[in-house]
Amino acid sequence: MSYPIGAELLSQELEKQPELPELELRFTSSPILSESDFRRMLENRRPYVVLRVQFVRWDKRLSYGDDQWIQEYLRGKWTLDVFPVLRSLKSRVKEKLTSEALPQVAAWMTKPREPAWYYGRKEFDVVFQPEEGAVEFREREMSH
């Protein structure tokens, strides 16, 4: 397995959107809890998340403290996770990310929203469909 896109290319693509908020880029081993389940998902060519954008903002509570990382979440934090793919599919996924997914990610991140949206946890997943060689997009909102 390998990552479908590197930090440099990802940065270049996202810099085309100067209005994007600051985000933390992470290369993560699996979008689900069990890496063995994830590996089985890949080998069985089932659809899986290759990119996840997340916005998390906590409500202020006195018990959180003043650590730097806590303050980030109280202000609101954007992250972008990249997940590995089978090497045989890497070039196809990379092409789909640069041609379709990253423009959709940028559009989701910069969409005008009501102030209340910026509380809680929101996710935007790019899901690769190995059989079709296509990507689909899923937006989710989770409670705190």
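"Buried" here means under 20% relative accessible area, and by that cut-off strand 3 is mostly covered, with six of its six residues buried. Keep in mind that this is a predicted model.

- Strand 4 (residues 120–129) is another mostly covered strand, with nine of its 10 residues buried.
- Strand 2 (residues 48–57) runs antiparallel to strand 4, and nine bridges join the two; in this pairing, Val 53 sits opposite Phe 124.
- Strand 4 also pairs with strand 5 (residues 134–142), again antiparallel and over nine bridges.
- Phe 128 finds its bridge partner in strand 5, namely Val 135.
- The hairpin of strand 4 and strand 5 has four residues between the strands, and Gly 133 takes a positive phi there, near 70°.

**Helix 1**

- Helix 1 (residues 7–15) has three buried residues: Leu 10, Glu 13 and Leu 14.
- Looking down the axis of helix 1, those residues fall within an arc of 95°, so they line one face of the helix.
- That buried set packs against strand 1, strand 3 and helix 4 (90–110).
- Turned away from the buried side are Glu 8 and Glu 15, both exposed.
- Leu 9 also belongs to helix 1, but it is partly exposed, at a relative accessible area of 22%. The cut-off for buried is under 20%, so Leu 9 does not count as buried.
- Leaving out residues up to four places away in sequence, Leu 9 touches Lys 94 and Thr 98.
- Leu 9 and Glu 136 are 127 residues apart along the chain, with 21 Å between their C-alpha atoms.

**Helix 2**

- Phe 38, Met 41 and Leu 42 are the residues to look at in helix 2 (residues 35–43), as they are buried.
- Down the axis of helix 2, the buried residues fall within an arc of 100°, so they too line one face.
- Strand 2 is included in what covers them.
- After helix 2 comes Arg 45, which has a positive phi near 55°.

**The largest pocket**

- Rolling a probe the size of a water molecule over the atoms shows where empty space is left.
- The largest pocket holds about 160 Å³ of space.
- Which residues line the largest pocket? They are Glu 22, Leu 23, Glu 24, Glu 72, Arg 75, Gly 76, Lys 77 and Trp 78.
- By type, the lining divides into five charged, two nonpolar and one polar.
- Strand 1 (23–27), helix 3 (68–75) and strand 3 (77–82) each supply at least two of the lining residues.

Technical notes: Residues are numbered from 1 along each chain as its sequence is written. This is a predicted model: local features need pLDDT of at least 70, side-chain atom pairs count only at pLDDT 80 or more; totals for chains, interfaces and linings use all residues. Side-chain values use heavy atoms; hydrogens and water are left out. On a 1 Å grid over the protein atoms alone, a cavity is a set of points where a 1.4 Å probe fits but cannot get out, and a pocket is an open set with protein on both sides within 12 Å along at least five of seven lines; lining residues have an atom within 4 Å of a point. Grid points are joined across faces, edges and corners, and a volume is the space filled by probe spheres set on the points. Ala, Val, Leu, Ile, Met, Phe, Trp, Tyr, Cys and Pro count as nonpolar, Asp, Glu, Lys and Arg as charged, and the others, Gly among them, as polar. Buried means under 20% relative accessible area, exposed over 50%, partly exposed in between (1.4 Å probe, protein chains only). Two strands pair if DSSP finds at least two bridges between them. The arc is that of the directions from the helix axis to the C-beta atoms. Contact means heavy atoms within 4.5 Å.
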